[in-house]
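This briefing covers a metal site, charged contacts and surface patches. The structure is shown first.

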Amino acid sequence: MWSQLYRAFSRSKVEDPGRVARRVLRLARPYRARLLVAAACMLLLALTTSAYAYVVGPLLRFIYEGGAAPGEFGWFGRRVGAWLAADAGRMALLLSGMVVGLALVKGLAHYGEISLMGAVGQGTMHDVRRALMDRVLSLAPDQLVAEERGDLASRFMVDVAMMEAVVTYGLTALVRDLLQAAALVALALYLDPVLGAIALAILPLTSWLIVAIARRMRRTQRRAQDALGALAARIEETAAGLAVIRHHGAEASQAARFAEANRRARDGQLAAIRIRAFSSPLMELLGAAALAATLWYAQSRVSSGEISPERFVSFFTAVFLLYAPVKSLGAVANFLQAGLAGADRVFRVLDREPAPVREGPDEAPPLRDRLALRGVRFRRGDNVVLDGLDLELRAGERLAVVGRSGAGKTTLAQILVRLLDAEAGEIRWDGEPIERYSGASVRRQIAVVPQEPFLFHDTVRANIALGRPARGTSVEEAARAAGLEPVLARLEGGLDADVGEVGGRLSGGERQRVCIARALYQGGSVLLLDEAVSSLDATAEAEVGEAIERAAQGRTTLVIAHRLSSVRRADRIAVLEGGRIVEQGTFDELVARRGVFAELFAEQLVRGPAAAGDGDAR
Ligand SMILES: Nc1ncnc2c1ncn2[C@@H]1O[C@H](COP(=O)(O)OP(=O)(O)OP(=O)(O)O)[C@@H](O)[C@H]1O
Ligand SMILES: [Mg+2]
């Protein structure tokens, strides 16, 4: 229970908001030219709004009495007043001209601000999504295992959109609303310092409240966004696992899992909405109180003649207009918290370090002699998976590695293709330390057929080529060599048929053959097959086996073998147990030895290949 409590507590923790905010703003740096122009628009908006307040009092007087109030607007006012006094029609002209002129300037400034800030916000988020994707693409597949895919997607969509609010609303608020407020405060104080001071006395309290509410909002929002991520994860999981759910009658339990996430998402958002709903009327109430106090005191000042009525109207308008930016600052403070919570979730992905793999700048050449592993050690947490493993793959041979499920065969493959790195021991590629070569170039040399076939929602052709240029083998040749021809003959469109989401329109064996074709198309001097048999029936297994057979012909092949056929045809078999290779030899030698292999082999004969170490555990 304590650990759960602790998790609940630490999950709601958001990093230092100032640091997160600065980091978000740094992302907007490439757009600073547009930001500057937008800021100029905001300044214009602030000035035109204040101008409205400034002229509204005298204008009212013009309407009621005609002529300029002596002393209003200084020299300009006197001149205009004299000009207006000469003809009553001029008044209407000036009034309408001013109103339209101000509206025009305001409108232009507004348009500029919104569209420019939109460009800044959307541009920044576009860059963030790209950086997120680059980061995800740099991770080893193992590193994402703990992540829920739906939650990851939700970070790209929901949290990035929230972050945009920090850039767009955050910056707009800081510049426009603060400028606006400052201009109106200055105007109010200029028009009547005493009244101004009364009206503004409320501002410190308001600011304090804004900050206090925002702090609360941050925690609430973080939980709300985690909940949305969890909801997305459940959706993704349901779509991906629909077969399992339907087969095993797990509809009710999955619906319950979803209902729980759904409820949390609703409650999380509701909590945030309540804070928002509460903060806006609170600001309104404070504003009303300030306005009331001002009115109350103003009445005596107006009647004693200390302030002229038109001045008071202007003043009143300024104070009235002031509460819009202050209220908006309050609302923005809440938006900002949502954005910062989102940014925090995004940065957690951006800050994931790829698994450290030592690599150099050189391009790995085709394997000519041998790939040798000596004393390779690898741990996952406390679990020592490989413990001083020695193994040699000679060019041109077919080596099978067998071992029980969980022995570390797939892990060994990941280390060979440099997606994981051994913590001790050495791997030599034709005598050269493999760290000399770039991981990507090693992966170009070692074509992998993974244990779990994965297809993209695209055509068969695209799934084989994966956007890579042909290196000797065409897509058609690769498909033929992988035994896909009968499959393609059935599919409408052949190679250009769509395989459906995760290849759902193909059978398990067909998917595996596409993966084999993908490896053949890649070329490379080593073929690494991590066999999966669990999903195949006898016919499909035979077909896939044949495909593998053809693919392995005349190549250096490392088969992580589960099938008796691949084991029998291997030149050499290595048995992985307890993190080491415990036996090596030909099939007959190993059977004669009556060791671990003989045992595994006997188990397989009795129970089928799965017992010898398959089980797509993940
Ligand atoms: N991403 C991971 N995080 C933590 N532990 C893992 C991860 N992947 C595998 N393991 C553990 O590492 C060990 C070796 O796993 P590995 O996948 O290499 O086994 P395997 O020999 O390929 O088994 P199988 O024949 O079932 O495919 C297992 O104990 C497994 O539970
Ligand atoms: Mg495996």
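The notes below are grouped by topic.

This is a predicted model, in which local features need pLDDT of at least 70, side-chain atom pairs count only at pLDDT 80 or more, and totals for chains, interfaces and linings use all residues. Residues are numbered from 1 along each chain as its sequence is written, chains are lettered from A and ligands numbered from 1 in the order in which they are written, and side-chain values use heavy atoms, with hydrogens and water left out.

**Metal site**

- Thr410 (OG1) and Gln451 (OE1) coordinate the magnesium ion, ligand 2, at 1.9 to 2.2 Å. Donors are N, O and S atoms within 2.8 Å of the metal (3.2 Å for Na, K and Ca); water is not among the atoms, so the site may look incomplete.
- The two residues link distant parts of the chain, 41 residues apart: Thr410 belongs to helix 12 (residues 409-416), and Gln451 to the loop between strand 6 (446-449) and helix 14 (460-465). Helices (H or I, at least four residues) and strands (E, at least two) are DSSP runs, numbered from the N terminus.
- Thr410 counts as partly exposed because its relative accessibility is 22%, whereas Gln451, at 13%, counts as buried. Buried means under 20% relative accessible area, exposed over 50%, and partly exposed in between (1.4 Å probe, protein chains only).

**Salt bridges**

- The count comes to 42 salt bridges, where a salt bridge is a side-chain nitrogen of Lys or Arg within 4 Å of a carboxyl oxygen of Asp or Glu.
- Asp344 and Arg222 form one of them, with their closest N and O atoms 2.4 Å apart. This pair links distant parts of the chain, with Asp344 in helix 11 (residues 309-350) and Arg222 in helix 8 (residues 202-240), 122 residues apart.
- Asp344 is buried at 1% relative accessibility, and Arg222 is buried at 5%.
- In the salt bridge between Arg263 and Glu260, the closest N and O atoms are 3.2 Å apart. Both residues lie in helix 10 (residues 251-303), three residues apart, or about one turn of the helix.
- Arg263 is partly exposed, with a relative accessible area of 37%, and Glu260 is partly exposed at 32%.
- Glu426 and Arg428 meet through their side chains in a salt bridge of 3.3 Å, N to O. Glu426 is partly exposed at 29% relative accessibility, as is Arg428 at 31%.
- Shared partners join the salt bridges of Asp151, Arg155, Asp159, Arg222, Asp226, Asp344, Arg345 and Arg348 into one network.

**Surface patches**

- Patches are made of residues with over 30% relative accessible area and no salt bridge; like charges are joined within 9 Å, and nonpolar side chains (Val, Leu, Ile, Met, Phe, Trp, Tyr) within 5 Å. Accessible areas come from the Shrake-Rupley method with a 1.4 Å probe, and for residues only the protein chains shown count as cover.
- A surface patch of positive charge gathers Arg22, Arg26, Arg29 and Arg32. Lys and Arg count as positive and Asp and Glu as negative, while His and the chain ends are not counted; the place of a charge is taken as NZ of Lys, CZ of Arg, CG of Asp or CD of Glu.
- Arg26 sits in helix 2 (residues 17-27) and is partly exposed, at 45% relative accessible area.
- Phe454, Phe456, Leu466 and Val502 make a nonpolar surface patch of about 340 Å².
- Phe456 lies in the loop between strand 6 and helix 14 and is partly exposed, at 42%.
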